[in-house]
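I opened my notebook to look up one protein chain.

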Amino acid sequence: MQVRFGRRSGRTKGSTGMNNSEKEEIPYPPLLPSKVDLQQVTIIPHAEWERIRDSLGRLTREAAALRAERTAKKKMHVQSQELVKHWTNTYAGMKEQKLKAKQKRDEEIEAERQILDLEEEIYKQGERKKAIENAKQYQFYQTERMKSFHSGLLLSRVMKERDAQIQFKKNSVKSDKKWEEQVRLNVEKAIKEEQEKEEKQRRERCALAEDHLKQIKQHEEEEEERKKNEEKDAEEIKRQNLLYEIEMKKKLSKKQEEINESRKLFFRVSTETPPSPLLQGCLLPGCPGLSWPLGGHGSYSRL
């Protein structure tokens, strides 16, 4: 048999140059099992061996890698869930909060219902107990002994009520007289108080009317005094006006007299002495209205 793979080209079986005894003396490698024919073993390079191993274990490695990736993703997802499960600003957190709130409300409602059911049960038990007690009491009252006792008790109550009514009738006469007397006294007292109240109101009204009359009289006196003062002031003003007019008339008459005296004096002087050359032009007929100075002043006045 010729070796196809190895560092050297193989030789035929007959050209090995070793007999069977030499073959039997060849030691087996420690990695090979015993009783293995080395002529049946194929030797291949290490790189080829790795390629074969890679081709055989590729699917296994890919599956292992997928499993590892899937495991890592699952672990990361679990870590993410653990990280965000307490967050309240996420949709899942808000949903969980709403669910928790709803669950809490349901639990509270259920607790209230249980309390109401317990109270209802206690109330029903009390009602049943009352009904049983009433039934027992009714059965006890239906006995002959209790019937006779109730009859005697009723008779004693009737007699006591009858005695009370008789005593009330006896006392009613006295009480009626006392009541009438008290009513009469109360009526007289109320009438007296009403009369006193009316008298007090009448006095107050009279005092108020007198006060109003005094105020009206005072106002009338003040008005009359005011009118008198106004009349007095008017008379005074009229008198002052009259005096003023008289004074003005006197002044005018005096002034007129002075003017007349000045004219007379002017005409007397003009007739006695000829006019100066300075005034001759002004005394011509073309300059009428100018007169001689009056009162010794240095100005001329118009006639």
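Entry 1: I began with Val187, which sits in helix α4 (residues 144–272). Helices here are DSSP runs of H or I with at least four residues, strands are runs of E with at least two, and both are numbered from the N terminus. I noted that this is a predicted model, where local features need pLDDT of at least 70, side-chain atom pairs need pLDDT 80 or more, and totals for chains, interfaces and linings use all residues. Numbering starts from 1 along each chain as its sequence is written, and side-chain values use heavy atoms, without hydrogens and water.

Accessible areas come from the Shrake-Rupley method with a 1.4 Å probe; for residues, only the protein chains shown count as cover. Patch residues have over 30% relative accessible area and no salt bridge; like charges are joined within 9 Å, and nonpolar side chains (Val, Leu, Ile, Met, Phe, Trp, Tyr) within 5 Å.

**Entry 2: the whole chain.** I listed five helices and zero strands. Of the 303 residues, 3% are buried. The chain exposes about 28,800 Å², and carbon and sulfur atoms supply 57% of it.

**Entry 3: a negative patch.** Glu110, Asp117, Glu119 and Glu120 form a negative surface patch. Asp and Glu count as negative, Lys and Arg as positive, and His and the chain ends are not counted. I took each charge's place as NZ of Lys, CZ of Arg, CG of Asp or CD of Glu. Asp117 lies in helix α3 (residues 91–141). Asp117 is exposed, at 51% relative accessible area.

**Entry 4: salt bridges.** How many salt bridges does the structure hold? I found 13. (Each is a side-chain nitrogen of Lys or Arg within 4 Å of a carboxyl oxygen of Asp or Glu.)

- Lys73 pairs with Glu69, with the closest N and O atoms 3.6 Å apart. Both lie in helix α2 (residues 46–84), four residues apart, about one turn of the helix.
- Arg203 pairs with Glu199, with the closest N and O atoms 3.7 Å apart. They are about one helical turn from each other because they are four residues apart in helix α4.
- Lys228 pairs with Glu224 at 3.9 Å between the closest N and O atoms.

How values were computed. Buried means under 20% relative accessible area, exposed over 50%, partly exposed in between (1.4 Å probe, protein chains only).
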